[in-house]
Amino acid sequence: MAEIVVEPIERYALSAKNRVKTLFSRIGVVGCGNEGQNIVRIAAWHGIEVVFIELSEEKIQNSLDNISRELDNRIESWGLTPGEKRAIMGRIKGSLDFKDLAGCDFVIEAVRADEKTGVRSIDARKDVFNKIEQVVDREAIIATNATTIIITELASELQYPDRCVSLHFFVTSPEARIIEVVKGLYTTEDVYKKVCTFVKLINREVIPVEESAGLVSIRLFVTLLNEACEALMEGVATAENIDKTTIIGMGMRFGPFQMADIVGLNKVEKWMENLYEEFGGPKYKPSPLIKRLVRAKRLGVSTGHGFFKYDANGDKISESSSKEA
């Protein structure tokens, strides 16, 4: 009787196929506040695996809950199906350990500055950059989402500063189809082109920006906000009508006051201070009105009160409703 030859079938199975790793198949995000959540959601939406780093399990869960709620809003507006939401959430993982960034092609720093620690924002971000470099491959790209800090300064103490770049996702309008991308002094052309490819992969348009504190968007915004504060303090018009003028008359999605409330007045004040220190121009110096609101802890949407009042869902309460209440 002929001997039966048994040949394992594993090598014919789908699981045994060589998986080709594509560019940006897995990225990391350090810091998952409003900006980080926006980056994580957009990347996962476009089929990219994302691991984000936070400081506690509570913050990880809070970030996941917020991303989930945002996706539920898309389902309610017929922009997403429940199955697509499950797939997106399945591509997202939160972690406390920087070692989980190993294997990422691209890591974006999006930490929130914490004034209570006494650590300068630039120093905190440099520390994050160093921790990222210790765990990722040489080819991995490291980026910051900071807008008023120069990427060249952030990268200066790294072993391989040539792989660092800056990019800016828009928080006030998460679905804005543009991203500002900045090539630092050390950044290679290859790294810059790869980051531009990433921007296109997530269906955004690249806005090339030369290295400058505030980029284009923040410099224009804080100047407009300061002038709006001047008009308000002079009694030229109410905050409601100043915002209405820019929204209806100039086609802006939000007026300067509501936009500042969405970003957070403490963050806006820090932007202004950084720009004033960098350029010395009085147009960047925080308005006394902004400083007054920050001292009163009226920081905007996050506290329910800034230039305007907001309900528990973050929706603006109109002046008429407020008077009736």
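**Legends to close-up views of the predicted model**

View 1. Where pLDDT is low, the predicted coordinates should not be read in detail. For the protein as a whole, the average pLDDT is 89, and 88% of the residues reach a score of at least 70.

View 2. Rolling a probe the size of a water molecule over the atoms shows where empty space is left. In this model, two cavities of 30 Å³ or more are counted. The largest cavity holds about 50 Å³ of space. Its lining comprises Ala146, Thr147, Ile149, Ile150 and Ile151, together with Ser166, Val182, Glu211, Ser212, Ala213 and Leu215. By residue class, the lining of the largest cavity consists of seven nonpolar residues, three polar residues and one charged residue.

**View 3. Leu215, a lining residue with positive phi.** Leu215 belongs to the lining of the largest cavity and is placed in the loop that runs between strand β8 (205-209) and helix α7 (217-233). Although Leu215 is a residue other than glycine, its phi is positive, near 50°. Leu215 counts as buried because its relative accessibility is 6%, and the limit for buried residues is under 20%.

**View 4. Trp78 in the loop between α2 and α3.** Trp78 is located between helix α2 (57-76) and helix α3 (82-90), in the loop that links them. Its phi is positive, about 65°, although Trp78 is not a glycine. Is Trp78 buried or exposed? The relative accessible area of Trp78 is 79%, so this residue is classed as exposed, the cut-off for that class being over 50%.

**View 5. Thr246 and its contacts.** Thr246 is part of helix α8, which spans residues 239-250. Which residues does Thr246 contact, leaving aside its neighbours within four places in sequence? These contacts are with Gly251, Met252 and Phe254, and also with Gly255 and Pro256. Thr246 has a relative accessibility of 5% and therefore counts as buried.

Note on methods: Residues are numbered from 1 along each chain as its sequence is written. This is a predicted model: local features need pLDDT of at least 70, side-chain atom pairs count only at pLDDT 80 or more; totals for chains, interfaces and linings use all residues. Side-chain values use heavy atoms; hydrogens and water are left out. Helices (H or I, at least four residues) and strands (E, at least two) are DSSP runs, numbered from the N terminus. Buried means under 20% relative accessible area, exposed over 50%, partly exposed in between (1.4 Å probe, protein chains only). Contact means heavy atoms within 4.5 Å. On a 1 Å grid over the protein atoms alone, a cavity is a set of points where a 1.4 Å probe fits but cannot get out, and a pocket is an open set with protein on both sides within 12 Å along at least five of seven lines; lining residues have an atom within 4 Å of a point. Grid points are joined across faces, edges and corners, and a volume is the space filled by probe spheres set on the points. Ala, Val, Leu, Ile, Met, Phe, Trp, Tyr, Cys and Pro count as nonpolar, Asp, Glu, Lys and Arg as charged, and the others, Gly among them, as polar. pLDDT is the predictor's confidence in each residue, from 0 to 100.
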